[in-house]
Protein chains: 2
Amino acid sequence: MPWEKQFRTDEVLTKAMQAFWARGYEATSMQDVVASMGINRASIYATFGDKHGLFIKALRAYDERHRAAFLERLRQRHPGKAAIVKAFDEVIASALDGGSRDGCLLVNTALELSPHDAAIADIVSAGLRHVEMFFHDMIKTGQGLGEIPLSVDAERTAQALLGLFIGLRVLTRSRPEKALFTSIARQAEAMLA
Amino acid sequence: MPWEKQFRTDEVLTKAMQAFWARGYEATSMQDVVASMGINRASIYATFGDKHGLFIKALRAYDERHRAAFLERLRQRHPGKAAIVKAFDEVIASALDGGSRDGCLLVNTALELSPHDAAIADIVSAGLRHVEMFFHDMIKTGQGLGEIPLSVDAERTAQALLGLFIGLRVLTRSRPEKALFTSIARQAEAMLA
DNA sequence: CGTTGTTTGGAATGATCGGTCAACACCGGT
DNA sequence: ACCGGTGTTGACCGATCATTCCAAACAACG
């Protein structure tokens with residue numbers, strides 16, 4: 001076994017993910033990716049395959065390290081109603097504070113590539129379904145704790161919350177206005193009463 | 001003044017709009033646009049300027065002919081609560097019937113280009129604001145007609161409806177499931193009671 | 001019927017696209 | 001010390017990108 005890799009695979013994959021996250025798949029050239037990742041062009045192809053393969057790996061990495069980690073943290077720290085409210089509040093806070101206008105890579109990709117690429121559509125669809133399941137579980141948990149009335153339909157409300165959450169993600173990228181975000185967050189909370 | 005144009009400007013612009021609508025700005029090459037519009041390459045540049053200029057004109061055309069026309073029709077035929085409900089229902093119906101997965105060009109563009117292109121962001125932002133104003137006006141109208149309780153906050157609810165509406169548009173492109181759409185439409189209606 | 005100004009097709013522009021290659025650098029085993 | 005194989009490298013590929021140019025085709029006017 002001669003010689004190991006000179007770079008950390010997950011580290012450079014994160015760089016690629018950030019590049020795609022900021023600009024989208026089509027608008028990000030391999031030249032951009034090479035510059036972002038900081039390793040040689042051919043090393044990228046050797047390690048991750050072509051652009052499409054690299055994007056899929058980057059998308060999976062986002063799904064694990066951002067979407068899944070984000071939801072899991074909320075699930076453990078504030079199980080029940082607060083997890084849902086916090087989900088909206090934290091997205092809003094990061095959009096207003098840092099001014100990061102990248103939104104959510106899953107949502108961005110849903111619009112750009114899902115209709116034309118089945119493999120990517122599967123990853124996006126599964127990611128969004130996990131968000132929906134998160135809302136569903138937290139509603140059920142909240143009902144068990146007595147925070148959320150039993151009259152709330154967990155399935156339907158989770159689906160509506162998903163719609164509202166995605167809408168919020170789009171607006172953080174196109175109309176970053178605090179009043180807009182506040183109205184959406186309040187509506188999300190109102191759905192749980 | 002010898003010779004008039006051989007093509008109808010607004011007619012070929014519609015073709016360009018449809019091309020961008022289906023695939024997005026970056027993924028649509030000028031080659032694709034030339035094929036879609038059916039006129040000569042040089043005529044496109046002479047009439048509409050470069051790709052960016054053409055896209056802006058196509059986006060404006062969408063805003064007038066689809067977004068504005070759609071809302072105006074609803075406003076006149078079903079003023080009040082029904083206009084809002086119909087807005088959601090018609091989007092859902094067209095997504096399920098024709099199976100058109102193009103969504104809304106304004107929303108698609110909001111994600112793809114708004115963060116990186118100020119001129120385009122302005123058009124998108126204005127279009128979305130008109131949708132919000134439509135919801136706002138129809139809530140007020142519905143309250144005047146006694147269809148919607150006065151306890152509903154017109155401004156905040158209009159903003160939340162915008163978020164939900166955008167979420168619906170994203171989901172029609174990435175997870176076209178009837179149950180999802182129904183939950184969102186019901187939630188929209190519930191916000192008005 | 002020729003002049004005039006526009007549209008047209010097609011070819012050609014340089015730049016950039018995604019992707020590949022042979023040569024070199026490096027290490028563990030012998 | 002040397003070899004087998006892997007990682008790295010920068011140069012390089014044809015294809016496609018947006019855009020421009022040119023000469024032929026054309027319709028209205030004098």
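Q: How much of chain A is buried?
A: Buried residues account for 42% of the 193 residues in chain A. Buried is a cut-off term: 20 or more other C-beta atoms lie within 10 Å of the residue's own, while 12 or fewer counts as exposed and anything in between as partly exposed, with C-beta atoms placed from the backbone.

Q: OK, and where does the model come from?
A: This is a predicted model, where local features need pLDDT of at least 70 and side-chain atom pairs count only at pLDDT 80 or more, though totals for chains, interfaces and linings use all residues. As for labels, residues are numbered from 1 along each chain as its sequence is written, and chains are lettered from A and ligands numbered from 1 in the order in which they are written.

Q: What's the secondary structure of chain A?
A: Chain A has 9 helices and 0 strands. These are DSSP runs numbered from the N terminus, with H or I over at least four residues for helices and E over at least two for strands. Along its principal axes, the C-alpha trace spans about 60 × 40 × 30 Å.

Q: What does A:M37 touch?
A: Leaving aside neighbours within four places in sequence, A:M37 is in contact with A:V12, A:K15, A:A16 and A:I44. In contact means that the C-beta atoms, placed from the backbone, lie within 7 Å. The C-alpha atoms of A:M37 and A:A16 are separated by 5.9 Å, and the two are 21 residues apart along the chain.

Q: Which residues touch the most other members of the largest nonpolar core?
A: A:A16, A:L161, B:A16 and B:L161 do, in a core of 115 residues. A nonpolar core is a set of buried Ala, Val, Leu, Ile, Met, Phe, Trp, Tyr and Cys residues joined through C-beta atoms within 7 Å. Not counting residues up to four places away in sequence, A:L161 touches A:I84, A:F135, A:A188 and A:M191.

Q: New topic: how do helix 7 and helix 8 of chain B cross?
A: The axes of helix 7 (residues 118-144) and helix 8 (residues 154-174) of chain B come within 8 Å and cross at roughly 130°. That makes helix 7 of chain B oblique to helix 8 of chain B. Under 35 degrees would be roughly parallel, over 145 roughly antiparallel, 65 to 115 roughly perpendicular, and the rest is oblique. Axes here are lines fitted to C-alpha atoms, for helices over the stretch in contact, with angles from 0 to 180 degrees between N-to-C directions.

Q: Which residues make that contact?
A: On helix 7 of chain B they include B:L128, B:F135 and B:I139, and on helix 8 of chain B they include B:A158, B:L161 and B:F165.

Q: And how many residues touch between the chains?
A: 35 residues of chain A are in contact with 35 residues of chain B. Helix 8 of chain A gives the most to the side of chain A that touches chain B, with 12 residues.

Q: How do the two copies line up?
A: Chain A can be laid on chain B with an RMSD of 0.1 Å by a turn of 180° and a shift of 0.0 Å along the axis. That's the relation of a two-fold axis. The superposition is by least squares on C-alpha atoms of residues with pLDDT of at least 70 in both copies.

Q: Why do the copies meet through the same surface?
A: Because 100% of the interface residues of chain A are also interface residues in chain B.

Key: Contact = placed C-beta atoms within 7 Å.
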